[in-house]
Amino acid sequence: MTLLSMQEVTFGYSDTPCLEDVNLTIHAGEFVAVTGPNGASKTTLLKLALGLLQPWKGKVQQHKANKQKLRIGYVPQQIAAFNSGFPSTVLEFVRSGRFATGSWLRRLSKEDQVKTEEALKQVGMWELRNRKIGDLSGGQKQRICVARALVQEAELLVLDEPTTGMDQDSRMAFYDLMNEQVKKHNRTVVMVTHNLAEMSGYVERVIELVRKEDGGWKCCTTTSCSGHFGLVE
């Protein structure tokens, strides 16, 4: 089943496009890595796929059976932007993910509490649940944002360099966690990474942005993706 597709998409931030004639498809139950040099428009590609940016031309579609909205958990870059004055605790922040769908006015249920605890334990942050977010390290902030995406029970997890700030043992544990989300919970994971060699035993498909002979970028993958890429991310 197709969850997300891009057809003949072109986009740029100025008069010159940084993404042009992009075609790709993301299927349910995949673990997909997006990789490429700094500046190869990886983040822009994700934002277009999520509808956070609108293409100059072409079509971006999110597909869902029975015409229901696709549930997406997105973890962007720049998590360290939470400053020391951010008022929320880790527990409050992650728990808020349970309100991503439905009414903000409802009371927290026992299931909400259980799912929040499970997610924080999965990313190794349960013991720090009462800390203020602004007091955490960059890597710890990254983990709680992943936990918040998990409690949403999203069908598609889109992660932009989520292992930034983690040591190797933590990164490997994170790959195990994402692999479990795919295999056990039938979720789809799309993850930008610069550590492709580490992930080789986990990912099923790679979307790689590589430089063309004429100085632009092209998208290489084992299935349907094409186009060339400029230098803006």
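A salt bridge is counted where a side-chain nitrogen of Lys or Arg lies within 4 Å of a carboxyl oxygen of Asp or Glu. By that rule K115 pairs with E153, with the closest N and O atoms 3.5 Å apart. The model is predicted, so local features need pLDDT of at least 70 and side-chain atom pairs count only at pLDDT 80 or more, while totals for chains, interfaces and linings use all residues. Residues are numbered from 1 along each chain as its sequence is written, and side-chain values use heavy atoms, with hydrogens and water left out.

The protein holds six helices and 10 strands, where helices (H or I, at least four residues) and strands (E, at least two) are DSSP runs numbered from the N terminus. Of its 233 residues, 49% count as buried. Buried means under 20% relative accessible area, exposed means over 50%, and partly exposed covers what is in between, with a 1.4 Å probe and protein chains only. The accessible surface comes to about 11500 Å², and carbon and sulfur atoms account for 47% of that area. These areas come from the Shrake-Rupley method with a 1.4 Å probe; for residues, only the protein chains shown count as cover. A contact is a pair of heavy atoms within 4.5 Å. Among contacts between residues at least 6 apart in sequence, 68% join residues at least 24 apart.

The interior can be described through nonpolar cores, which are sets of buried Ala, Val, Leu, Ile, Met, Phe, Trp, Tyr and Cys residues joined through side-chain atoms within 4.5 Å. The largest such core has 36 residues, and F31, L120, I144 and M178 touch the most other members. Two or more residues come from each of β3 (31-35), α2 (90-95), α3 (110-122), α4 (138-151), β6 (156-160), α5 (168-183) and β7 (188-192). Helix α4 gives the most, with seven residues. Leaving aside residues up to four places away in sequence, M178 touches F31, V146, L150, L157, L159 and V189. Another core, of 25 residues, lies apart from the largest one and includes V9, V34, L46 and V192.

Aromatic rings supply a further set of contacts. Rings of Phe, Tyr and Trp (its six-membered ring) pair if their centres lie within 6.5 Å; planes under 30 degrees apart count as stacked, over 60 as edge-to-face and the rest as tilted. The structure holds three aromatic pairs. In one of them, the rings of F11 and Y13 have centres 4.9 Å apart and planes at 85°, so the pair is edge-to-face. In another, the ring centres of F11 and W56 are 6.4 Å apart and the planes stand at 50°, so this pair is tilted. F11, Y13 and W56 form one aromatic cluster. Within it, F11 is buried at 6% relative accessibility, whereas Y13 is partly exposed at 45% and W56 is partly exposed at 43%.

R129 lies over the face of W126, 4.1 Å from the ring centre. The charged end of R148 sits over the ring of F93, at 5.6 Å from its centre.

Side chains of opposite charge can pair when their charged atoms come close. A search of the whole structure finds seven salt bridges. R205 forms one with E30, the closest N and O atoms being 2.8 Å apart. This pair links strand β8 (residues 205-211), which holds R205, to the loop between β2 (19-27) and β3, which holds E30, across 175 residues. Both partners are buried: R205 has 3% relative accessibility and E30 has 12%.

The K115–E153 bridge joins helix α3 to the loop between α4 and β6, with its partners 38 residues apart. K115 is partly exposed at 25%, and E153 is partly exposed at 27%. K183 and E204 form another bridge, with the closest N and O atoms 3.7 Å apart. K183 lies in helix α5 and E204 in the loop between α6 (196-199) and β8, so the pair ties together parts that are 21 residues apart in sequence. K183 is exposed at 56%, while E204 is partly exposed at 43%. Salt bridges with shared partners also join R98, D112, K115 and E153 into one network.

Notes: A charge sits over a ring if NZ of Lys or CZ of Arg is within 6 Å of the ring centre and within 35 degrees of the ring normal.
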